[in-house]
Amino acid sequence: MKKQKYLFLIITFLLSFGCALFVAMKVFPNNPFSGNKAQNTVLDKIQDGDIIFQTSESPQCEAVRIATNSKFSHCGIIYKINGNLFVFEAVQPVKLTRLEDWIQHGKDNKYLVKRLKNAAEILTPSTLQKMKDYSQQFNGKEYDAYFEWTDTRIYCSELIWKIYKNAAGIELSKLKQLKDFNLTDEKVQKILKERYGNEIPLEEKVVAPSDLADSDLLKTVIGTY
């Protein structure tokens, strides 16, 4: 009889513990038993001013990947604001996006995070604040589908390049001209025709996500590809 009583108590305890654990995982998704712990640990490596890259799947982004011979077609700069991580990105319109949401927008949720090799010396709190202050002038502006080197509208890699250049005094990569990229592919030709007709601005200054990703000034912090 005692054995049955103890067995009943043990089964009751195990069932109660299991229910409590299930509730804890639902209510507190960041608890030590949660599968999100690994993801949180990865995101803890990210710092203010890091640059993040991903593969987008729109026709234009596919054309960008082909023209630049790279898997990267979109990028943004990471800012820590009130303890939360955001990606400042040039989409339509230019805006801040929560990092977790930004990652989900990429193909297979894959991304690459890069950082200045001497970030500890260069990206001081005052420099980072200058970068954020400078960024405000672009917030809400239209995305530049024509890749013009102006501040009227702006595209993703241009936004990052100008923030680092004009607010931190760092030229992440040399600027190129549109003609320097692979423009012969049929899909690229289609996008160019839609944008420019027969007047393609081959001399226009441009910077691609791949140019930033390949910068000698940057090192890889996280890569999920």
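Student: What share of the contacts between residues at least 6 apart in sequence join residues at least 24 apart?
Tutor: In this predicted model, the share is 68%. Contact here means heavy atoms within 4.5 Å.

Student: How many helices and strands does the protein have?
Tutor: The protein has 9 helices and 8 strands. Of its 225 residues, 41% count as buried.

Student: Why is Gln54 called buried?
Tutor: Buried means under 20% relative accessible area. Gln54 has 1%, so Gln54 counts as buried. This residue sits in strand S1, residues 51-54.

Student: What does Gln54 touch, leaving out residues up to four places away in sequence?
Tutor: Its partners include Lys71, Phe72, Ser73, His74, Trp102 and Tyr225. Also among them are Ile103, His105, Gly106 and Lys110. Gln54 and Trp102 are 48 residues apart along the chain. Their C-alpha atoms are separated by 9.1 Å.

Student: Why does Val42 count as partly exposed?
Tutor: Partly exposed lies between the buried limit of 20% and the exposed limit of 50%. Val42 has 24% relative accessibility, so Val42 counts as partly exposed. Val42 belongs to helix H2, residues 37-43.

Student: Which residues does Val42 touch, not counting those up to four places away in sequence?
Tutor: Val42 touches Tyr111 and Ile222. In sequence, Val42 and Ile222 are 180 residues apart. In space, C-alpha to C-alpha, they are 7.6 Å apart.

Student: Now the helix packing. At what angle do H3 and H8 pack?
Tutor: Helix H3 (residues 59-68) and helix H8 (residues 186-196) pack at about 120 degrees. Their axes are 8 Å apart.

Student: Which residues make the contact between H3 and H8?
Tutor: From H3 come Pro59, Gln60, Glu62, Ala63, Ile66 and Ala67. From H8 come Lys187, Val188, Ile191 and Arg195. By class, the contact of H3 with H8 has 6 nonpolar, 1 polar and 3 charged residues.

Student: How do H6 and H7 cross?
Tutor: Helix H6 (residues 125-135) and helix H7 (residues 156-168) cross at roughly 125 degrees. Their axes come within 9 Å.

Student: Which residues of H6 and H7 make the contact?
Tutor: H6 contributes Thr127, Lys130, Met131, Tyr134 and Ser135. H7 contributes Lys162, Ile163, Tyr164, Asn166, Ala167 and Ala168. The contact of H6 with H7 has 6 nonpolar, 3 polar and 2 charged residues.

Student: How many aromatic pairs does a search of the whole structure find?
Tutor: The search finds 7 aromatic pairs.

Student: How do you know that the rings of Tyr134 and Phe138 form an edge-to-face pair?
Tutor: Rings pair if their centres lie within 6.5 Å, and planes over 60 degrees apart count as edge-to-face. The centres of Tyr134 and Phe138 are 5.5 Å apart and the planes are at 70 degrees, so the pair is edge-to-face. Tyr134 and Phe138 are both buried.

Student: Which residues form one aromatic cluster?
Tutor: Phe53, Phe72 and Tyr225 do.

Student: What makes Asn82 and Asp108 stand out in phi?
Tutor: Most residues other than glycine have a negative phi. Asn82 is not a glycine, yet has a positive phi of about 50 degrees. Asp108, also not a glycine, has a positive phi of about 60 degrees.

Student: Where are Asn82 and Asp108 found?
Tutor: Asn82 is in the loop between strand S2 (74-81) and S3. Asp108 is in the loop between helix H4 (99-104) and strand S5 (112-116).

Student: Why are Asn82 and Asp108 called exposed?
Tutor: Exposed means over 50% relative accessible area. Asn82 has 77%, so Asn82 is exposed. Asp108 has 57%, so Asp108 is exposed.

Student: What makes the peptide bond from Gln92 to Pro93 cis?
Tutor: Its omega is near 0 degrees. Most peptide bonds are trans. Pro93 lies in the loop between strand S3 (84-90) and strand S4 (94-98).

Terms used. Residues numbered from 1 in each chain as written. Predicted model: local features only at pLDDT ≥ 70, side-chain atom pairs only at ≥ 80, totals over all residues. Heavy atoms only, no water. Axes fitted to C-alpha atoms, helices over the stretch in contact; angles between N-to-C directions. Helix = DSSP H or I, 4+ residues; strand = E, 2+ residues; numbered from the N terminus. Nonpolar A, V, L, I, M, F, W, Y, C, P; charged D, E, K, R; others polar. Phe/Tyr/Trp six-rings, centres within 6.5 Å; stacked < 30°, edge-to-face > 60°. Buried < 20%, exposed > 50% of the residue type's maximum accessible area, 1.4 Å probe, protein only.
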